[in-house]
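Please take a moment with the sequence and the model before reading on. The paragraphs below walk through the contact between the chains, the sheets and the core.

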Amino acid sequence: MSNKFSEGVVAESKRDYIKKLALHGTRIDGRGFDDVRPINIEKGFIKRADGSALVQLGDTKVLVGVKIEPGEPFPDTPNSGIMTTNVELVPLASPTFEPGPPSEEAIELARVVDRGIRESHAIDLEKLVIEEGEKVWVVFIDMHVLDYHGNLFDACGIAALAALEDATVPAEKFGVGEDFKLPLVHYPVPVTFAKIGDWIVADPNLDEESIAKARLTVTTNEEGKINAMQKGLFGTFTYDEVKKVINRSLDIGQKVREKILGGADGEEN
Amino acid sequence: MGMKSDIRLIDDNGLRIDGRLPNQLRPIKMDVGEVKRANGSAYIEWGGNKIIAAVYGPREAYPKHVQESDRAIVRARYNMAAFSVDERKRPGPDRRSVELSKVISEALTSVVFVEKFPRTAIDVYIEVLQADAGTRVAGITAASLALAHAGIPMRDLVVGCAAGKVDGVVVLDLNKEEDNFGEADVPMAILPRTGEIALLQMDGDLTYEELTNAMEMAMDAAKEIYSMEIETLKSKYRGDEE
């Protein structure tokens with residue numbers, strides 16, 4: 001199974017080098033195990049969207065546009081707005097991305113980001129009812145990966161949250177009252193870890209991701225609750241490793257969240 | 001998960017809607033060899049779930065570009081029958097089953113000695129005939145049995161098991177009502193011999209304590225399911241049923 005999230009081959013020497021560095025508690029780009037790459041967030045990048053954010057996580061670049069339109073509610077949730085997420089791994093972002101229908105990687109990514117937002121009840125969907133049982137607001141979160149240098153889970157999750165924070169419900173445009181800010185009540189942040197040898201590092205870059213045996217994403221909110229987890233790749237974790245990763249994700253997630261809410265425009269971490 | 005309802009999922013005696021204790025599994029029945037044409041197969045009934053799994057391979061992997069020169073690829077396909085759920089499901093892969101197929105494939109790859117079969121594919125087909133929550137963990141359990149039945153060398157069997165939270169209580173092995181109206185679900189796949197975790201997902205709203213309680217509950221129950229798996233395989237070769 002070709003792994004779209006890797007360049008295929010990392011030189012054996014580089015692989016050894018990364019592992020040797022880990023022995024000394026450091027990483028190929030000089031970071032510590034829990035250091036996240038610099039985050040840069042530009043909200044409102046797309047004026048035609050109802051909310052947007054261009055996010056750089058190191059060299060990884062993701063653009064999220066939020067569009068909000070009236071639509072019919074689901075029959076089993078007549079008093080609730082709707083949110084949907086989608087990820088496009090466009091071929092300009094990596095030599096391993098191909099045009100065509102969404103790959104399983106893109107689907108997994110979108111669903112993991114979706115779970116974090118949905119399960120934390122980040123958007124107050126009950127405030128998005130126009131006419132009970134008839135008409136509600138549908139929030140489309142579309143994530144466009146523009147440059148792939150590792151860890152799309154976190155880049156997409158951060159960008160989605162920033163774009164939602166930026167979003168206004170365009171009620172006037174549809175003649176149903178005044179525009180209002182999208183009601184965002186929780187702030188879920190995913191933090192992804194890669195297991196390399198016996199080491200587990202946060203926010204893996206492309207080289208690290210390419211040689212990782214296993215991956216674990218933990219999405220936590222501002223109350224210290226865990227809202228979503230996703231393990232990936234062919235390796236395994238021990239229970240002890242998982243517990244430590246969850247604790248680390250709570251700490252790192254909090255720092256990342258402050259950056260998103262503080263608007264990290266231009267500043268490095 | 002998280003749909004609102006007036007249903008009480010835990011009664012005054014601390015029992016669940018189907019009468020179970022918080023740490024009690026639903027009844028489980030397993031068998032191997034249901035699909036004669038396949039290299040290996042298994043059937044599992046787990047609560048109201050009815051799931052069949054079959055293995056084909058190792059066989060030459062097609063299309064050719066998916067081949068790996070140094071190992072086999074394990075391709076699981078999780079599929080729900082149209083009639084397996086209350087409202088007819090449109091046949092074919094939806095986004096959920098694509099994701100589940102991916103994580104199940106990855107989890108099974110972690111136990112198979114894939115380096116023994118370069119350039120081949122080991123196809124694992126999981127058909128959910130009747131769904132009652134916990135289909136992915138029941139499915140991966142059946143898949144593991146089918147792989148063993150096919151004689152594929154593995155470093156352990158895989159056991160799927162889930163835990164979660166309903167009405168504020170951490171419980172094992174959620175049923176359909178609990179899955180729909182509960183607060184969290186933590187599906188796992190475990191290698192019981194070493195305790196390694198090969199599949200781990202979670203959705204809902206849990207504190208660290210609740211989450212670790214749920215994981216420990218699932219890992220404990222995995223041992224019980226593991227012995228059922230072993231007994232199922234042994235009884236087949238002892239010819240208990242014939």
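**Where the two chains meet**

Ala228(A) stands opposite Asp203(B), a residue of strand E9 of chain B, where helices (H or I, at least four residues) and strands (E, at least two) are DSSP runs numbered from the N terminus. The model is a predicted one, in which local features need pLDDT of at least 70 and side-chain atom pairs count only at pLDDT 80 or more, while totals for chains, interfaces and linings use all residues. Residues are numbered from 1 along each chain as its sequence is written, and chains are lettered from A, with ligands numbered from 1, in the order in which they are written. The model scores ipTM 0.91 and pTM 0.92; for chain B the mean pLDDT (the predictor's confidence in each residue, from 0 to 100) is 95, and 97% of the residues of chain B reach 70 or more.

The pair Ala228(A) and Asp203(B) belongs to a pairing between strand E12 (226-232) of chain A and strand E9 (residues 196-206) of chain B, which is antiparallel and extends over four bridges; two strands are said to pair if DSSP finds at least two bridges between them. In this pairing Ile226(A) stands opposite Leu206(B). Strands of a sheet pair through backbone hydrogen bonds, either parallel or antiparallel.

The contact as a whole takes 28 residues from chain A and 31 residues from chain B, two residues being in contact if their C-beta atoms, placed from the backbone, lie within 7 Å. On the side of chain A that touches chain B, helix H2 (104-119), strand E12 (226-232) and helix H5 (239-262) each supply at least two residues, and the largest share, seven residues, comes from E12(A). That side of chain A divides into 12 nonpolar, eight polar and eight charged residues, where Ala, Val, Leu, Ile, Met, Phe, Trp, Tyr, Cys and Pro count as nonpolar, Asp, Glu, Lys and Arg as charged, and the others, Gly among them, as polar.

Within chain B, strand E9 also pairs with strand E8 (residues 184-191), in the antiparallel sense and over six bridges, and here the bridge partner of Ala184(B) is Gly204(B). E8(B) and E9(B) form a hairpin with four residues between them, and Gly195(B) in the turn has a positive phi of about 80°. Because 11 of the 11 residues of E9(B) are buried, this strand is largely enclosed by the rest of the structure; a residue is buried if 20 or more other C-beta atoms lie within 10 Å of its own, exposed if 12 or fewer, and partly exposed in between, with C-beta atoms placed from the backbone.

Chain B also holds an open sheet of five strands with mixed pairing, in the order E1-E2-E3-E5-E4. Its edge strands, each pairing on one side only, are E1 (28-32) and E4 (73-80) of chain B, and the twist averages 15° from one strand to the next. E4(B) runs parallel to strand E5 (residues 120-130) of chain B, to which eight bridges join E4(B), and Arg77(B) stands opposite Tyr125(B) in E5(B). Across E4 and E5 of chain B lies helix H1 (residues 95-109), running at about 145° to E4(B); axes are lines fitted to C-alpha atoms, for helices over the stretch in contact, and angles run from 0 to 180 degrees between N-to-C directions.

Eight bridges join E4(A) to strand E6 (residues 135-147) of chain A, and the two run parallel, with Val145(A) as the bridge partner of Leu89(A).

Which residues touch the most other members of the largest nonpolar core? Of its 156 residues, these are Ala159(A), Val124(B), Ala142(B) and Ala218(B), and the largest share of this core, 11 residues, comes from helix H3 (residues 152-165) of chain A. A nonpolar core is a set of buried Ala, Val, Leu, Ile, Met, Phe, Trp, Tyr and Cys residues joined through C-beta atoms within 7 Å. Leaving aside neighbours within four places in sequence, Ala159(A) is in contact with Ala53(A), Val55(A), Val62(A), Val64(A) and Met143(A).
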